[in-house]
Amino acid sequence: MAFCTTLPMSFLFLGMLMLATRANAGGIAIYWGQNGNEGTLAETCSTGNYNFVIIAFLPTFGDGQTPMVNLAGHCDPCSNGCISLSSDIKSCQAKGIKVMLSLGGGAGSYYLSSSKDAKQVATYLWNNFLGGQSSSRPFGPVILDGIDFDIEGGTNKHWDELARYLSRYSNQGKKVYLTAAPQCPFPDTWIENALKTGLFDYVWVQFYNNPPCQYSSGELANLEDAWKQWTSDIPTNKIFLGLPASPEAAGSGYIPVADLTSNVLPAIKGSSKYGSVMLWSKYYDDQSGYSTAIKGHV
C-alpha cells in the first residue's frame with residue numbers, strides 16, 4: 001500500500017463488532033455434499049452463515065469393505081476427483097469454520113463387525129482424513145477437524161469403540177472433534193452407547209421424520225420433552241436442534257421461520273447445553289434462505 005490512514009475509534013469498534021458478529025454468525029451447522037447443485041464447499045463457507053460444515057458422506061466402510069466417499073455430483077472419488085476439495089476445506093478452516101466428515105447416512109453399506117474392525121476404521125480415518133499419512137487421501141493433504149456419526153443402519157455395536165479410538169488421536173497434536181446426528185426418539189437406536197462415552201463435542205439431534213418428538217403446527221410439547229431428555233441425559237458440550245432447511249428437505253418436521261424464532265427457540269435456549277441449529281442441507285437452504293432468516297436468532 002502506498003499510504004496508511006488512521007481510522008477513528010468508532011470505526012475501529014464498529015469493525016471489531018462486525019467481525020465478532022460474523023464469527024458468531026449463528027453457529028449453524030450445515031450438511032453439504034449430497035446435491036451437485038448446492039454450490040462448492042468454498043462458496044458454502046463464504047456465506048458467513050455457518051460455523052460447522054459437515055461433508056456427507058462416507059457411506060461405505062467396515063467389515064473389510066473398501067471405504068468409499070460419495071459426494072453425489074460434486075466429484076468422483078474413483079478418479080481422485082475429490083482431491084480438489086483440499087483448497088476449499090482450507091479456505092473454510094481459515095474462516096474459523098470446522099469441517100467434519102460424516103460417516104453413514106440414510107443409505108449405505110456400513111457396520112462394524114468387531115472391536116478390531118472399529119480400530120481399523122479409526123486408523124483408516126486418521127490416515128486418510130485426519131492427521132495421519134496415506135498415499136490415497138481422498139481430499140488430499142488437508143486435515144479435517146473431525147468425524148461426524150450419522151449412523152442410521154447396520155448394527156448398533158462397536159460405535160463406542162470407534163469413538164474411543166478416534167478420540168485418542170487428539171493426543172497427537174490437533175484435536176479430533178467428534179459429532180453425531182442421532183434421531184430424536186430417546187435413546188437413539190444406533191449410537192446410544194457411543195453417546196454415553198461423553199466423547200462427543202457436539203450432538204445435532206434430528207428433530208424431523210420422527211413425529212413423536214418433533215414440532216408440528218404450533219404444538220411444542222413433544223419437541224420440548226425430547227429436548228429436555230437429550231440435554232439432561234447425554235454428556236456432551238452442546239446439543240443442536242437438527243431441522244430440515246425447507247419443507248422439501250424431509251418428510252416431516254419442518255418449522256416455519258416465524259414459529260422457530262418466536263416459539264421454539266425461546267423454549268429451548270435456556271438450557272446450558274443449547275448449541276444452535278443444524279440444517280439438512282445446503283441444497284435446501286439455498287432454495288429457502290432458511291439460515292439467513294434465522295441466524296440472528298439462534
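Of the 298 residues of the protein, 48% count as buried (under 20% relative accessible area, with exposed meaning over 50% and partly exposed in between, for a 1.4 Å probe and protein chains only). The model is predicted; local features need pLDDT of at least 70, side-chain atom pairs count only at pLDDT 80 or more, and totals for chains, interfaces and linings use all residues. Residues are numbered from 1 along each chain as its sequence is written, and side-chain values use heavy atoms, without hydrogens or water.

Confidence was examined next. The mean pLDDT is 92, and 91% of the residues score at least 70 (pLDDT is the predictor's confidence in each residue, from 0 to 100). Over residues 1-25, pLDDT stays under 50. For this stretch the model has 12 contacts beyond four places in sequence (contact means heavy atoms within 4.5 Å). Where pLDDT is low, the predicted coordinates should not be read in detail.

The protein has 10 helices and 10 strands (DSSP runs numbered from the N terminus: helices are H or I with at least four residues, strands E with at least two). The C-alpha trace spans about 60 × 60 × 35 Å along its principal axes. Among contacts between residues at least 6 apart in sequence, 72% join residues at least 24 apart.

Helix 5 (residues 159-168) is mostly covered, with seven of its 10 residues buried. Among them are Trp159, Asp160 and Leu166. His158 lies in the loop between strand 6 (146-151) and helix 5. Its relative accessibility is 17%, so His158 counts as buried. Phi of His158 is near 75°, a positive value in a residue other than glycine.

Asn80 also has a positive phi, of about 60°, although it is not a glycine. This residue lies in the loop between strand 3 (60-61) and helix 3 (85-94). Asn80 counts as exposed because its relative accessibility is 55%. Most residues other than glycine have a negative phi, and most peptide bonds are trans.

Cis peptide bonds were also found. One runs from Phe186 to Pro187, with omega near -5°. Pro187 is in the loop between strand 7 (177-180) and helix 6 (192-195). Another joins Trp280 and Ser281, with omega about -5°. Ser281 is in the loop between strand 10 (274-280) and helix 9 (282-288).

Trp280 is also a contact of Ala249, as are Pro244 and Tyr284, leaving aside neighbours within four places in sequence. Ala249 is found in the loop between strand 9 (238-244) and helix 8 (257-268). At 11% relative accessibility, Ala249 counts as buried.
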